[in-house]
Amino acid sequence: MFEKMNLGKPKGLSGFARLVAAATLGLSVSTGAVAQDIRQDIGGSERINLAGQLSTLSQRIIGSACNLNAGIAIVESNAVLQISAEQFGRINDALLYGNRSFGILGEESRPRTLQVIEKLNEAWEPLRDLAIQTEVAANDPARIASLAEQSGPLLDTANILVSEITGQYANPVALLHADALLIDLAGRQRMLAAQMSKDVCLIASGINTDIANSDLSASIKQFGDTLSALRNGLESVGVRPPPTQQIADGLEFVLDEWTAIQPFLDQSMAGDTLSEETRQRLFFAFLGMEARMNNVIVMYDKNSKL
């Protein structure tokens with residue numbers, strides 16, 4: 001099953017690092033896709049995407065630290081950990097000060113948004129310092145448990161930031177609310193992949209298992225329900241079906257990957273012991289799903305500018 005998904009260990013770190021970077025910064029390739037009046041578009045869709053990426057990174061950094069601590073895919077998990085920590089800072093700066101390569105024009109000036117970003121940084125900095133000091137196969141459950149406990153408030157604040165930025169930058173001129181909703185939902189799918197990766201590792205490592213099991217169960221349902229809504233539309237909440245065939249195809253790829261890992265998630269939920277090989281494959285699978293969802297977000301972003 002996993003062989004068909006090409007989820008084996010990457011042949012080289014450089015290629016793997018590029019995959020992680022693409023999953024983190026993929027939206028940069030979407031900027032400038034359609035000529036648009038610069039006075040109208042200051043990067044609303046890009047800001048929503050990047051804010052959602054902070055939610056993803058808040059979970060990915062814990063998952064990678066957990067796998068590194070457990071000695072799972074040590075080269076790759078360490079690369080993901082370090083890249084995620086660096087990218088969190090870059091995205092945070094882009095949201096504050098603007099970054100043309102990300103498609104964000106101008107500094108943030110709205111007091112409420114600045115207040116949430118400040119609160120996010122207060123939660124992020126101690127977590128980052130603790131995470132990047134994780135040692136290879138350290139078997140330090142206390143460190144990972146502390147990271148897991150801190151990740152909840154960090155994710156909550158990151159999600160508040162997404163809501164604030166979505167409400168702030170969705171407008172009838174530059175970004176329709178319907179498009180903003182699709183970008184937001186797809187971004188949450190990316191975050192849920194990172195969160196499930198984290199929880200699977202916590203459960204397999206015997207760390208905060210009750211909370212991790214509960215979170216994993218909720219994430220599995222939310223991911224499945226949202227994927228169905230994105231693929232088919234859900235008129236009752238204003239979710240439109242895929243606006244292009246490319247987006248529909250991208251979501252089908254995600255569905256295939258999601259279906260393939262279901263048996264392993266069931267094993268984790270049942271308390272079965274996962275082999276080191278299975279844990280490694282799940283780590284790569286969730287990263288792949290993140291990248292797939294990021295590609296979908298890029299396409300939603302391009303379509304929103306038409």
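I looked up Ala137 and found it in the loop between α5 (111–132) and α6 (141–169); helices here are DSSP runs (H or I) of at least four residues, numbered from the N terminus. I noted that this is a predicted model, where local features need pLDDT of at least 70, side-chain atom pairs count only at pLDDT 80 or more, and totals for chains, interfaces and linings use all residues. Residues are numbered from 1 along each chain as its sequence is written, and side-chain values use heavy atoms, with hydrogens and water left out.

Phi of Ala137 is near 50 degrees, a positive value in a residue other than glycine. Most residues other than glycine have a negative phi. Ala137 has a relative accessible area of 46%, so I put it down as partly exposed (buried is under 20%, exposed over 50%, partly exposed in between, with a 1.4 Å probe and protein chains only).

I then checked Asn139, in the loop between α5 and α6. Asn139 is not a glycine, yet its phi is positive, about 50 degrees. Its relative accessible area is 65%, so Asn139 is exposed.

Next I looked at Val75, which lies in helix α4 (residues 74–97). Val75 has 42% relative accessibility and therefore counts as partly exposed.

Last, I turned to helix α3 (residues 44–70) and helix α7 (residues 177–205), which pack at an angle of about 10 degrees with their axes 8 Å apart. Axes are lines fitted to C-alpha atoms over the stretch in contact, and angles run from 0 to 180 degrees between N-to-C directions. I therefore recorded α3 as roughly parallel to α7 (angles under 35 degrees count as such).

Notes
Helices (H or I, at least four residues) and strands (E, at least two) are DSSP runs, numbered from the N terminus. Angles under 35 degrees count as roughly parallel, over 145 as roughly antiparallel, 65 to 115 as roughly perpendicular and the rest as oblique.
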